[in-house]
Amino acid sequence: MIDASPPAHERGVSRRLVECLVSLMLMGVAALTLWDSYGRGAGWDGGPENGFFPARVGWILAVAALFTLVSALRREESVFVTYGQLRLVARVFVPLALYVLAIAYLGIYVASAAFMAAFMLTLGDFRWWQTALAAVLVPLVVFWVFELQFRVPLPKGPLEAALGY
């Protein structure tokens with residue numbers, strides 16, 4: 001089996017830091033769940049009230065997050081992800097986040113065409129005509145399948161509005 005852990009000499013984000021941040025975020029989710037559950041009623045008055053089961057899940061999540069936090073604080077310091085690995089993740093995550101944002105303004109078809117073209121040109125080894133063909137044909141096929149055949153409307157932007165859809 002190949003060991004995927006980063007070499008000890010490389011700098012990066014601490015595993016302890018990541019585990020502490022995740023456990024604190026889970027504690028926040030647990031606190032929000034408990035606050036909402038007890039606001040709705042988390043008791044048992046002739047049967048479970050609206051917040052009874054979510055409150056139990058919130059308590060379980062809070063205890064698990066606390067256990068994770070204590071475990072992380074006792075853990076030996078190690079590298080969770082190197083900065084080089086983080087850059088590779090960012091090369092995919094940042095364009096993906098921009099794509100999701102672009103769907104709201106451009107519609108799913110134009111945003112998908114731009115997203116595919118950007119990835120094919122920057123991360124792939126494709127010729128320009130292959131990129132153009134894929135960026136045009138894939139959204140057209142998806143439009144035909146979802147909008148015309150299944151009659152499932154997907155988010156549209158100004159181009160589709162100009163074309164009458």
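## Terms and model

Helices are DSSP runs (H or I, at least four residues), numbered from the N terminus. This is a predicted model, in which local features need pLDDT of at least 70, side-chain atom pairs count only at pLDDT 80 or more, and totals for chains, interfaces and linings use all residues. Residues are numbered from 1 along each chain as its sequence is written, and side-chain values use heavy atoms, with hydrogens and water left out.

## The largest pocket

A pocket is an open set of points on a 1 Å grid over the protein atoms alone, where a 1.4 Å probe fits, with protein on both sides within 12 Å along at least five of seven lines. Lining residues have an atom within 4 Å of a point.

Helix α5 (128–149) gives the most to the lining of the largest pocket, with 5 residues. Helices α4 (108–122) and α6 (158–162) each supply at least two. Among the lining residues are Y109, F143, E160 and Y165. The lining divides into 11 nonpolar, no polar and 1 charged residue. Here nonpolar covers Ala, Val, Leu, Ile, Met, Phe, Trp, Tyr, Cys and Pro; charged covers Asp, Glu, Lys and Arg; the others, Gly among them, are polar.

## Aromatic pairs

Rings of Phe, Tyr and Trp (its six-membered ring) pair if their centres lie within 6.5 Å. The count is 7 aromatic pairs. Y109 and F143 have ring centres 5.3 Å apart and planes at 80 degrees, so they are edge-to-face (over 60 degrees). Y109 lies in α4 and F143 in α5, so the pair ties together parts 34 residues apart in sequence. Y109 is buried (under 20% relative accessible area), at 7%. F143 is buried too, at 13%.

Notes: Phe/Tyr/Trp six-rings, centres within 6.5 Å; stacked < 30°, edge-to-face > 60°. Buried < 20%, exposed > 50% of the residue type's maximum accessible area, 1.4 Å probe, protein only.
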